[in-house]
Amino acid sequence: MKDIVRDGDPVLRQEAADVQFPLSAEDQQLAKDLMEYLVVSQDPEQCKKYGLRAGVGLAAPQVGVSKKMASVLVPPTEEDGESPFTDVIINPVIISESVQAGALTEGEGCLSVDKDVPGFVPRHDRITLRYYDVNGEKHQLRLKNYPAIVCQHEIDHLHGILFYDHINKDQPFTRDDDMVMID
Ligand SMILES: CNC(=O)c1cccc(C)c1Nc1nc(N2CCN(c3ccccc3Cl)CC2)nc(N2CSC[C@H]2C(=O)NC)n1
């Protein structure tokens, strides 16, 4: 289990490098580690045992690797439902996005930012995401609300952007009237 680097480490402010296919053994292991962290962190037992913070997304720069790769594991909304989105996204690109904004009602947390930064993080409520999976398969899909927010948060990491960069300094809880508030 790799260590999470914290805000202040320059790697979090770099433009990450494209990943080459076929994946090297090292990049295959990186993909596994990024997803394993989320799985373990979302299990209350293991979370406590390993003293981890729970997350639904983790980008390679957050473990000190400046490559365009991130894991996303959005838990099911109902008990036995299926995850709205789970994959390791490689060289992801948002190819279209809604004008309508969306934001988490409770603000955003980040495994690399220990301090709580209150405020709405305005993002696009809906996106069309293009990415490659670990097998080099190309995917293109539309996401909305929470999965869309999480993917935008993770893709930001690949461009050296942190969530609080988007928070309005003067009015952190400012919102335009048609912004979708996501619980
Ligand atoms: C400051 N207020 C807040 O943080 C905040 C406060 C309240 C609600 C929300 C919704 C907030 N916001 C927020 N909560 C999360 N989690 C909720 C709990 N969950 C989780 C926890 C335990 C087990 C399993 C799981 Cl699944 C893990 C994920 N995650 C993110 N983000 C921002 S996008 C990337 C994603 C991320 O993984 N961050 C580490 N934001």
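These are my notebook entries on what I looked up in this predicted model.

**Ground rules.** I number residues from 1 along each chain as its sequence is written, and for side-chain values I use heavy atoms, with hydrogens and water left out. Since the model is predicted, local features need pLDDT of at least 70 and side-chain atom pairs count only at pLDDT 80 or more, while totals for chains, interfaces and linings use all residues.

**Nonpolar cores.** I began with the cores, a nonpolar core being a set of buried Ala, Val, Leu, Ile, Met, Phe, Trp, Tyr and Cys residues joined through side-chain atoms within 4.5 Å. For burial I took buried as under 20% relative accessible area, exposed as over 50%, and partly exposed as in between, with a 1.4 Å probe and protein chains only. The largest core holds 20 residues, of which Leu34, Tyr37, Leu58 and Met69 touch the most other members. The elements that give two or more residues to this core are α1 (25–41), β2 (69–74) and β3 (85–97), and α1 supplies the largest share, seven residues. Here helices (H or I, at least four residues) and strands (E, at least two) are DSSP runs, numbered from the N terminus. A second, separate core has 17 residues, including Val72, Phe85, Leu143 and Leu158.

I then followed Met69, taking contact to mean heavy atoms within 4.5 Å. With neighbours within four places in sequence left aside, the contacts of Met69 include Leu30, Ala31 and Leu34, and also Val88, Ile89, Ile90 and Leu158.

Strands pair if DSSP finds at least two bridges between them. I found seven bridges joining β6 (residues 126–132) to β7 (residues 138–144), and the two strands run antiparallel. Ile127 stands opposite Leu143 in β7. Five residues lie between the strands of this hairpin, where Gly136 takes a positive phi near 85°.

**Ser98.** What does the side chain of Ser98 lie 2.7 Å from? I looked in the loop between β3 and β4 (101–104), where Ser98 is found, and noted that Ser98 is buried, with a relative accessible area of 9%. A polar atom of its side chain lies 2.7 Å from the backbone oxygen of Gln100, and a polar atom of the Ser98 side chain lies 3.2 Å from the backbone nitrogen of Asp125. A polar contact is a pair of N or O atoms within 3.5 Å; within protein, one must be able to donate a hydrogen and the other to accept it, and residues adjacent in sequence count only if both atoms are side-chain atoms. Not counting residues up to four places away in sequence, Ser98 touches His124, Asp125 and Arg126.

**Cysteines.** How many disulfides does the structure hold? I found zero, a disulfide being a pair of cysteine sulfur atoms within 2.5 Å. The sulfur of Cys110 is 15 Å from the closest cysteine sulfur, in Cys151, so the two are too far apart for a bond. Cys110 is buried at 3% relative accessibility, and Cys151 is buried at 0%.

**Pro76.** My last entry is Pro76, in the loop between β2 and β3, which counts as partly exposed at 33% relative accessibility.
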